[in-house]
Amino acid sequence: SCLRYKASSACHCSPSLLSTPTVIMSSTSPSSSSPSANVAPPPPDGASCWLCLEEGPDDSGAPLVRNCSCRGSSGFAHLSCIIEYAGNTTRQIIQRGVPTVGKDSATEVRNFATGYGDAFFKCPNCKQDYQGDLKGGTTKAFLSFNQTVFPDQNLHKSLQMGKATNRLRQLDAASNADRIEGEELVSKLLASIEELKQSGVPLFDMIEANVYVHCAGFYGGMSSDEGLKKAKSFYQKARDKYVIMGGKADKYVTMGRKFDLDMREINIKIGQIESRLRGSIGRQDKAAEIKLYRDKYDCCVEDGNDVRTVNAGIKLANVLYNAYRTIETEQLLDKMVTTSHRLHGPDHRCTVNAMSILKRVKERCVSLECEEGWFEALQYENDGEKCVLRVKGPIKEPRVTDEEKTITVPSGEVRPYKGTPVMFHGLKKAAHLNGKIGDVREFCQSADRYEVHLEDKGLKPVLAKHGNLKVLFDLPDPKKESS
Ligand SMILES: [Zn+2]
Ligand SMILES: [Zn+2]
């Protein structure tokens, strides 16, 4: 079997509603996910903490860390220093005044809630969010900070809930330790909802819906039927809240478009879970999902290029890839790598992640008529007469790249997989299609024909014999095309 199928079945939906989308492809395949993505590279010699100015580890032995968009030797710090700095900054904000629920305007409360605690989540030097392990550390610190500073006020409980949902989003329910922490967080969150229900905290419906969405995302990650059923019931609770909020739309008018996208996402997730419980995901599910993530991506692009755009682009790429639209996926990821590189630099988690996904998307999966397993086509030789393949399957986990050997076969024996980009050649009746490119989307076994969707959207899908399809290795550069 091809890695693509493995990847798509293992891919669980991560909750992105109302908060920065997380990267789903990074956790789909152990063989291609980059372990370096969560742990930032070590500091260069002579680097020092921008807060305490000391070089090397702190008193407890914890090393200098950096996982944001700072470059060169700047932006390194001790986690303990960051936490102290963030605590002091946040205490100053509190001293300047905290709006009172029910007395101050909802806008005032919302503005306060939006920026509150930022020092724990954003690097003050590059103004970008902390990532990976560093973010995990500061989130935990923020939760305990709130517990000491505001033991029992309603507003702060609801702020706390927002950050607890963020923590939930970082957890992988498939791992034992994470699942235990996650289930504890879920029950704490549900208890807080009960306590706060009658409190009159502004936008409480929104907060409550957000909690349900995150709980659903967490349980969806379990991929057992039991987990899926829990996920579904949380999404349904969230949907009920959205229906209520829709009835008082004026209160939420500033969130207009996003509100609509989030509602659609909930409905799609429920549909997908129902399909998964039945054991299938249909074409229609995929089409609606692609449209949703395209709209979300467009929404981020309109808001300006930043982390969200890159994350939204990667999510869109993921659903396109699982629908075998590889050419589009590759073009989009190319763009995301460039954007992320410019925004964050080459070592940043976003860039590393986008690059490792792009590398996988660029693998051209093929099979052979009389050989078991699957192969990665590498190049043509002898004017296209022969094709060099890397033997990839059956997949052994963990994969040992050194043991993967290459073989050379007559090109006529090579058959594309679903999703493999191809170019038409040697067509006599439909000679106008020769040289056109597209993705294989289906294989029709009875007719032994491949359904190819052309990149040129003006042309209808074509059913072709494998002899008329060449594997397309390098996509045409869209910039050159248009100039
Ligand atoms: Zn320090
Ligand atoms: Zn920074």
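This is a predicted model: local features need pLDDT of at least 70, side-chain atom pairs count only at pLDDT 80 or more; totals for chains, interfaces and linings use all residues.

Residues are numbered from 1 along each chain as its sequence is written, chains are lettered from A and ligands numbered from 1 in the order written, and side-chain values use heavy atoms, with hydrogens and water left out.

So, which residues hold the zinc ion (ligand 1)? That's Cys-49 (SG), Cys-52 (SG), His-78 (ND1) and Cys-81 (SG), at 2.0 to 2.3 Å. A donor here is an N, O or S atom within 2.8 Å of the metal (3.2 Å for Na, K and Ca); water isn't among the atoms, so sites may look incomplete. The angles among the 4 donor atoms run from 105 to 115°, and the site is tetrahedral, meaning four donors with all angles between 85 and 135 degrees. Along the chain the spacing reads C-x2-C-x25-H-x2-C.

His-78 is buried at 1% relative accessible area, while Cys-52 is partly exposed at 31%. The cut-offs: buried is under 20%, exposed over 50%, partly exposed in between, with a 1.4 Å probe and protein chains only.

Now the zinc ion (ligand 2): its donors are Cys-68 (SG), Cys-70 (SG), Cys-123 (SG) and Cys-126 (SG), at 2.2 to 2.4 Å. Why call this one tetrahedral? Because its 4 donor atoms subtend angles of 105 to 114°. The spacing is C-x1-C-x52-C-x2-C. Cys-123 is buried at 2%, and Cys-126 counts as buried at 19%.

Conventions: Four donors count as tetrahedral if all angles lie between 85 and 135 degrees; four count as square planar and six as octahedral if opposite donors are over 155 degrees apart and all others between 65 and 115; anything else is irregular.
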